[in-house]
Amino acid sequence: MGLPAMFDWNSVIREVVIGATKSDGGTRAVSYRIGGGTTLPFLEKTPKPPLIAFELCDSPQYWSPIITNYCGDVVNSPAEWAKTAGSAYGADIIRLYLTSTRQRNYSDFEAVKRTVELVLDATGLPLIIEGSNEPKIDSEVFLKCGEAGQGERLLLGTAEASRYRSIAAAALAYNHSLIAQSPIDINLAKQLNILLKEIGVPQDHIVIDPYTGTLGYGFEYSYSAMERIRFSALKGDTDLAMPMICSAVDSLSVKEVRDAEPGTRDTMAVAWEFYTGIAAAAAGAEIICVRHPDSIGKLKEAFRSLAHSKVPTGGD
Amino acid sequence: MALKALDIYKILPKKNCKECGDPTCLTFAMKLAAGKADVDLCPYLDDNAKSVLGATTRPPIRRLKIGIGERSFTVGEEFVLYRHDKTFNNPPGIMLRVSDTQSRDEIASVAARVRDETFTRVGTGLMFNGITIINSSKSPQVFAKAVETVENTADLPLVLVAETTDALAAALVHCGTYRPIIHAATRSNYREMCALAKQHGCLLVVRAPDLDDLAILAKDCAAEGVQDLLLDPAPQSLNDFIVRSTAIRQLAITRTVPDLGYPVYLDAARNALRDAYLALGIVKYASVIICDPLSPEATKASLTLRQNIYTDPQKPIQMNPGIYRIGSPAKDAPVLLTVNFSLTFFTLEGYLESSRIPCFMFIIDTEGLSVLTAVASGKFSETLVRDAIKKFGLENEVSHRTLIIPGYAAPLSGRIEETTGWKVMVGPRDAADIGEFLHEEWKQ
């Protein structure tokens, strides 16, 4: 009998390119094209596995001790750390948080540029860069990032409704893409994308971050926000038809991880990142960010099976 | 399309015989329209009327009760593909797996674990649901012995997995009347499996990798008289699972293929990908999930995920308003006021615990709204604070008269001071900064 068609979608998720190889004017060893989905996540004939971004920073005092202890000395050099994330941890993308800019009255913007350049030299992976936490220095920080990564098709983060101009300016000036974050609300996600459109950011340069509350701490809302965004996009809302990124930054500070026995804290952190990551991928996130190196291999193996082609092979 | 109660009433015999248990045909019709009664309860309907009514009044996914007694659970009766449309109703049962080749002690210890282990989150005890016993030995006697061991340890819902009906028949001697699930009916054995299921009144899993075959097999089993079915689409990869499970759910809830209107069974007991299958089964429509005993970490993560997904996304989870203690606060410890949105509560609680400053959390009833929304909507007001201070006797708990309010409630600070007579300090907007705030600003 042959099963009937199940869905009546009429639109697609826009594609966004992250990273530029030599042929595209950059120096990355790989680049990725995310988006392009035409139906619910993984129901395509040839589904793509989500990408895994490893998050690191240039001032580890702002990072979870679980991670700095686990990774060791390498955390003191963002370049070395980024290199290790690609070669040893197996990440697809590096997400660099410029935590050094959180120091009071930070003004060494040349250092920002240098850090980004060093990281770009150290790894061939595409880069996501998270700028400052302080609106007053946004403009300088993002311009330096943009400039340092010119030609590399960076993904810059993070634009919010209350502060998006500096980051948009840097993205536009140097042809980078940006992350647009809204607090777990489909309408606010749409509004922000419209604001970005109005100041000229091309829609294929935007990745939506619907904000991920980690497992047990808001994930119940984030999961549905992602599903709704994907659904609306497929139903034709072009202001929401961008790929999504998921970063459950609180995973390492939740009670379950904090209170875990010292010997099991790493596995608890990985369990939290892993379960959140799988569920977010099923809801439509195409970049899953993690901070624990052990989460990467585990997620990768699962994503391979999740994006497995439809030809029966007789087992996992 | 679902029929309205009056349309259904027209088809009913209108005898008001009460044999269905309802006082009148009209009340029975109303129950049918709401999906709360079964047409088979009416003895006077002909087959044609039954099929017309049955197809539109029954829940699109059959409701099944698994096991008996205190630990029995219900699955099925789902209506939506997206939980934001109308919430998911019945969380999947997770059934830890043992093999009949394991020692008696090993088997008993897994059963005892499922019986006793509870993990409490947001005031709710989370547990695994039952035990799956695999007939790895291929011996009916060994299988029966293993089932007996589990039965002697705990009254838990069971899944019996065996390749032969002989083994299942031997095991059902010990548990047949407790509504276990048996696995699995296939094209080649379904008649014997149906006979066994009928004899013991147990639930039957039908297994086929192709959804067409699965639908036909389910229909054939129903024709044999077994309607308490589960569907095992036999996935070979995570992709197979998400594709087949989504298709089953969508075709069932739209009543496009009513023969797929049964809960989904998932075997997640696969070494390297176990956690991934379990997580995916929880979010993507599985109702009974088999997996090997999990580590404490995977236990917490998976049970938390299940709780999250089966929470109504439209309804903020609320904490009970009142006074909560962090550490053992003395009478001069700070009082931090916030709303009863559970996410706000747990976030703040986490940061307060890590600040290691004993204090009081004073939770007011904003009906589960976050600080921002509660302030914007007027739910968070000075009178609410005043009444809560009185109601919970805050004045007797502390020796001072200072409240720390969330940064986003700053516009209310003056009015709260005037109305309550308490001094108000405006705390940070972000709970992450609360530790630093207390260390720097809290001085008596």
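Modeller: Let us start with Met30(B), which has its place in helix H2 of chain B, residues 25-33 (helices are DSSP runs of H or I with at least four residues, strands are runs of E with at least two, and both are numbered from the N terminus). This is a predicted model, in which local features need pLDDT of at least 70 and side-chain atom pairs count only at pLDDT 80 or more, while totals for chains, interfaces and linings use all residues. Residues are numbered from 1 along each chain as its sequence is written, chains are lettered from A and ligands numbered from 1 in the order in which they are written, and side-chain values use heavy atoms, leaving out hydrogens and water.

Met30(B) counts as partly exposed because its relative accessibility is 48% (buried is under 20%, exposed over 50% and partly exposed in between, with a 1.4 Å probe and protein chains only). Together with Leu6(B) and Leu26(B), Met30(B) makes up a nonpolar surface patch with about 290 Å² of accessible area (nonpolar side chains joined within 5 Å, from residues with over 30% relative accessible area and no salt bridge; areas by the Shrake-Rupley method, 1.4 Å probe).

Thr149(B) lies in helix H6 of chain B, residues 140-153, and with a relative accessible area of 8% Thr149(B) is buried. Leaving aside residues up to four places away in sequence, Thr149(B) touches Arg104(B), Ile107(B) and Ala108(B) (heavy atoms within 4.5 Å).

Stepping back, chain B has 18 helices and 17 strands, and 56% of its 444 residues count as buried. The C-alpha atoms of chain B fill a box of roughly 80 × 60 × 40 Å along the principal axes, and carbon and sulfur atoms account for 49% of its accessible surface of about 18500 Å².

Finally, chain B meets chain A, with 54 residues of chain B in contact with 51 residues of chain A. About 4500 Å² is buried between the two chains, 64% of it from carbon and sulfur atoms (the accessible area that two parts lose on being put together, summed over both). Of the area that chain B buries there, Tyr82(B), Asn239(B) and Glu297(B) supply 14%, more than any other three residues. Five salt bridges are found across this interface (a side-chain nitrogen of Lys or Arg within 4 Å of a carboxyl oxygen of Asp or Glu), and Arg121(B) forms a salt bridge with Glu256(A), their closest N and O atoms being 3.2 Å apart.

Note on methods: Patch = residues over 30% accessible without salt bridge, like charges linked within 9 Å, V, L, I, M, F, W, Y side chains within 5 Å. Buried area = accessible area lost by both parts, 1.4 Å probe.
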